[in-house]
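Dear colleague,

Please find below the structure that I am handing over to you, together with its sequence.

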Amino acid sequence: MKITYTGRQVELAPAQLKKIESQAAKVGKLLDGREQKEAHVILSLERHLHQAEVTVNYHNHQLVGVGSNADLFTAINSAIEKLEKQVLKIRTKWRDTKRVSRKEEAAEKAEPSEPAVEPESEGERQVFRVNHHERRKPMTLEEALMEMEKGADYLVYRDADSGGVAVLLRRRDGNFDLVQA
């Protein structure tokens, strides 16, 4: 992590800078991925109160830790601790969100949702798993019949009138069966 310092009425000795860099190394390990991040440390003194502000730009997010105390190093430690909490929170959010690659997203939009076949063996029955969560809009019976004209043998949908789940099945003779739950 590259650290730049700005001191307003505060001068730091090289030994003090090494201490600050060692404290910021932990945050640097959390932040640094493929590229090296840059931190900006602003130290100021107002009357007898030292203020430390640490700013890092992390994936277009400004992370700012501000600490103030009568002791300079306590102010710096509190600012770095606050910054570390922010980094951990953002990394947790990023890790926990569900992400889909652009290739998969384009493939899902291009292909209609057809049942996925899972053959276990030739002598046993096949299980078809269908993802109906893509179109959650409730439909009327007429809309469901229009959807069935696309060639599907069955359609599971939420009925707009009753709000319940309904299944529309195509019979062998060409007519339809409606099952409402």
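What pattern does the protein chain follow when read along the sequence? The pattern is β-α-β-β-β-α-α-β-β-α-β-β-β, which comes to 4 helices and 9 strands. Helices (H or I, at least four residues) and strands (E, at least two) are DSSP runs, numbered from the N terminus.

Please note that this is a predicted model, in which local features need pLDDT of at least 70 and side-chain atom pairs count only at pLDDT 80 or more, while totals for chains, interfaces and linings use all residues. Residues are numbered from 1 along each chain as its sequence is written, and side-chain values use heavy atoms, with hydrogens and water left out.

Overall figures

Of the 181 residues of the protein chain, 22% count as buried; buried means under 20% relative accessible area, exposed over 50%, and partly exposed in between (1.4 Å probe, protein chains only). The accessible surface of the chain comes to about 13900 Å² (Shrake-Rupley method, 1.4 Å probe), and 49% of this surface belongs to carbon and sulfur atoms. Among contacts (heavy atoms within 4.5 Å) between residues at least 6 apart in sequence, 34% join residues at least 24 apart.

Nonpolar cores

A nonpolar core is a set of buried Ala, Val, Leu, Ile, Met, Phe, Trp, Tyr and Cys residues joined through side-chain atoms within 4.5 Å. The largest one has 22 residues, and Leu-31, Leu-43 and Ile-76 have the most contacts inside it. At least two residues of this core come from each of α1 (14-31), β2 (38-46), β3 (49-58) and α2 (72-96), with α2 supplying the largest share, 7 residues. Leaving aside residues up to four places away in sequence, Ile-76 touches Ile-20, Gln-23, Leu-43 and Ala-52. A second, separate core has 7 residues, among them Ala-144, Met-148, Tyr-157 and Leu-168.

Salt bridges

The structure holds 5 salt bridges, each defined as a side-chain nitrogen of Lys or Arg within 4 Å of a carboxyl oxygen of Asp or Glu. One of them pairs Asp-96 with Arg-95, with the closest N and O atoms 3.4 Å apart; both residues are exposed. Lys-150 forms another with Glu-147, the closest N and O atoms again being 3.4 Å apart, and Lys-150 counts as exposed at 67% relative accessibility. Asp-177 and Arg-171 are also bridged, at 3.6 Å between the closest N and O atoms. Asp-177 is partly exposed, with a relative accessible area of 33%, and Arg-171 is partly exposed at 39%. Through shared partners, salt bridges join Arg-171, Asp-173 and Asp-177 into one network.

Yours sincerely
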